[in-house]
Amino acid sequence: MRCVYHPDYYVPLPPSHPFPMAKYPLLFQRLRAAGCLEQGRVIEPGEASLDDLRRVHAEDYLRQLADGTLDAAAVRRIGVPWSPALWRRSRLAAQGTLLAARAALDDGLAANLAGGTHHAFPGHGEGFCVLNDVAVAIRVLQRDQMVRRALVVDLDVHQGNGTAAVFEDDADVFTFSMHGERNYPTRKMRSTLDVGLADGTGDEDYLALLRRHLDDILAGFVPDIVFYLAGVDPVRGDRYGRLALTDEGLRQRERCVLEACVSRGLPMAITIAGGYAPTPERTAELHSIVFEEAVRLLRRRPACAAS
């Protein structure tokens, strides 16, 4: 499986900052050590072009990001201090998701070791999200006539409000968000399908709802590509999660989504989205599960085809 990664996905933050920026290099190192990233299968992105970003984001917002002229309220809303490195990192991650999507269209399955920044709106960022990488990738692929219809499967514990807002009136993009109903954001936008979960929802109820809704979606909507936001913040013990998936429940979730899409021949681009376990190491461990399951699925396919 081809994966997209850049060392500059990591940007230093103040020591007390709650965002686990170290999870990106830790995830890369973990996947390397586990043999999930094969030599020659790692793509290093450049920065997304302003022309591509304008497919989703407002000119004034992009200019303020580039010039460092966001006001204090806008920076607080994003939740991460602005810097030239953050602006570059955000563009690298956006381009990473676009490259993963193009690889998925060629190979069937690919991933970005970042992305899933679904709280970014056209004119502002929030919730640790600066640019909406998945929305940009969809709009660029549509512009280039590589896809017409896209499905966004967003299983981060927080509703993908920015993505929902971008595509609210677009029947060619199905946005499915399964999230904590009482969690951030307080004001939810309207996805094509929103499934709000009670605090404390565990494996059995979570997986039953996911299977039912995903099967229903795929029975009625046939996308040219699927974007999977594989957030790990629904796992028990996450600082911002409030749900109660176990590690095994998370693994079953990843198998469910991967098998549902790959078995139908749907190209899928994976992004990692959110995760706030007690340590960056634990967060990277949880993020690695979707990659382990994707590689396992791909390694099974030749044998299945032969039989």
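## Salt bridges in the predicted model

The structure holds 25 salt bridges, each defined as a side-chain nitrogen of Lys or Arg within 4 Å of a carboxyl oxygen of Asp or Glu. This is a predicted model, in which local features need pLDDT of at least 70 and side-chain atom pairs count only at pLDDT 80 or more, while totals for chains, interfaces and linings use all residues. Residues are numbered from 1 along each chain as its sequence is written, and side-chain values use heavy atoms, with hydrogens and water left out.

## Confidence

The pLDDT (the predictor's confidence in each residue, from 0 to 100) averages 96 over the chain, and 98% of the residues score at least 70. Over residues 303-307 the pLDDT is below 50, and this stretch has zero contacts (heavy atoms within 4.5 Å) beyond near neighbours in sequence. Where pLDDT is low, the predicted coordinates should not be read in detail.

Arginine 41 and aspartate 107 form a salt bridge at 3.8 Å, N to O. Arginine 41 lies in the loop between α1 (23-34) and β2 (42-43) and aspartate 107 in helix α5 (residues 84-107), so the bridge ties together parts 66 residues apart in sequence. Helices (H or I, at least four residues) and strands (E, at least two) are DSSP runs, numbered from the N terminus.

Glutamate 47 and arginine 91 also meet in a salt bridge, at 3.5 Å, N to O. Glutamate 47 is in the loop between β2 and α2 (50-53) and arginine 91 in helix α5, 44 residues apart.

Glutamate 293 and arginine 296 form a salt bridge, with their closest N and O atoms 2.5 Å apart. Both lie in helix α10 (residues 280-306), three residues apart, about one turn of the helix.
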